[in-house]
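Welcome! Take a look at the structure below, and then we will walk through it topic by topic.

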Amino acid sequence: MENLEPLNLAKIGTQGKGKSAFTGELSKAINKVVSKEIETREISMHTSKTVFDPSTITQCPRRLVYRHDSTESERIGSPYLEHMAKSKNITKWLDFLDKCAKIKVLDSYVLVADTVCNLTGWLDGVLEIELDNGYKHIVAIKTHEVVSNVFSCLFPPEGDSYVLKNDVIELNVSMWMAGLIKGILLYSDSKQGRYSISELDLNQTIIDRVEKKCSILNQYCLRGQLPSKPYLEISAECEACEFKTKCWAN
Ligand code: SF4
């Protein structure tokens with residue numbers, strides 16, 4: 001087998017001899033274009049936040065109404081870049097699954113919506129899985145990369161395995177919007193090279209509760225009112241909430 005040497009940029013004759021080689025006019029111009037583009041895409045992502053999202057529907061009702069009405073970015077970090085990082089993992093899993101025997105990826109990044117609830121979400125993919133008896137199931141899939149200690153808690157080496165409540169609700173609501181009754185949650189812990197797949201059937205009780213919550217939230221949004229705080233004092237959710245300062249100002 002041919003021996004590969006490490007790539008030595010100086011030998012190849014590029015300018016890449018140090019940090020200064022990449023801070024000229026060209027990188028300034030690219031940075032300007034990229035930052036402008038990200039800003040534009042953030043705006044379009046925030047626009048999509050004017051509807052409720054199955055991935056956050058369990059949150060504080062007041063927070064959801066604040067977010068619905070929010071026009072400026074009150075988030076820390078870039079939702080667009082977070083989305084891109086997540087998409088890479090999803091794409092790799094879908095590519096892998098499509099190459100597995102008896103699994104076909106029928107669709108990927110499927111946008112789903114319910115205009116009555118004012119909900120918009122998306123499925124990572126829709127798969128066709130053929131069982132040993134030849135029967136084929138159409139299932140929705142959501143993938144989640146989790147950190148190692150969360151993975152170890154969800155899937156202890158011995159005993160029961162678990163799925164996160166938020167993920168179950170998100171997948172159920174997205175399945176319902178897509179008209180699918182079966183779904184799978186795929187958890188992966190890339191650092192430790194582990195994964196686990198859990199199967200879910202559509203749960204009508206979850207859907208009924210989400211529909212009711214959305215109906216109440218929509219009434220608040222239409223009247224331009226905020227639900228009262230569901231907490232008597234600053235809670236753990238408030239600590240992580242992007243509207244904490246505004247919400248507890250008086
Ligand atoms: S600060 Fe707390 S009560 Fe206020 S919107 Fe956020 S989560 Fe809800």
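Strands β3 and β4 pair in the parallel sense over six bridges; strands count as paired if DSSP finds at least two bridges between them. Helices (H or I, at least four residues) and strands (E, at least two) are DSSP runs, numbered from the N terminus. This is a predicted model, in which local features need pLDDT of at least 70, side-chain atom pairs count only at pLDDT 80 or more, and totals for chains, interfaces and linings use all residues. Residues are numbered from 1 along each chain as its sequence is written.

**The strands**
- Four residues lie between β4 and β5, which form a hairpin, and G193 in the turn has a positive phi of about 65 degrees.
- In a regular strand, side chains alternate between the two faces of the sheet.

**The whole chain**
- The protein chain has nine helices and five strands.
- From the N terminus on, their order is α-α-α-α-β-β-β-α-α-β-β-α-α-α.
- Of the 250 residues in the protein chain, 18% count as buried; that label needs 20 or more other C-beta atoms within 10 Å of a residue's own, while exposed means 12 or fewer and partly exposed lies in between, with C-beta atoms placed from the backbone.
- Among contacts in the protein chain with a separation of 6 or more, 64% join residues 24 or more positions apart; a contact here means C-beta atoms, placed from the backbone, within 7 Å.

**The nonpolar core**
- The largest nonpolar core has 28 residues, and those with the most contacts inside it are F52, L119, A140, I141, V173 and C214.
- Such a core is a set of buried Ala, Val, Leu, Ile, Met, Phe, Trp, Tyr and Cys residues joined through C-beta atoms within 7 Å.
- The largest share of this core, seven residues, comes from α6.
- Leaving aside neighbours within four places in sequence, I141 is in contact with L123, D124, G125, L127, G183, I184 and L186.

**Helix α6**
- Ten of the 14 residues of α6 are buried, so this helix is mostly covered.
- The buried residues of α6 include I169, L171, V173 and W176.
- They pack against β1 (103-114), β2, β3, β4, β5 and α7.
- At 1.5 Å a residue, α6 should span 20 Å, and its end C-alpha atoms are 20 Å apart, which agrees; the expected span is 1.5 Å times one less than the number of residues.
- G179 follows α6 and has a positive phi, near 75 degrees.

**A residue on helix α7**
- D208 is exposed, because it has 10 other C-beta atoms within 10 Å.
- D208 and V173 are 35 residues apart in sequence and 9.9 Å apart in space, C-alpha to C-alpha.

**Around the ligand**
- Among the residues surrounding the ligand are C60, R62, Y66, K229, E237 and C247; a residue is near a molecule if its C-beta atom, placed from the backbone, lies within 6 Å of it.
- The largest share of this shell, three residues, comes from α3.
- By class, the shell has seven nonpolar, no polar and five charged residues.
- Ala, Val, Leu, Ile, Met, Phe, Trp, Tyr, Cys and Pro count as nonpolar, Asp, Glu, Lys and Arg as charged, and the others, Gly among them, as polar.

Methods:
Two residues are in contact if their C-beta atoms, placed from the backbone, lie within 7 Å.
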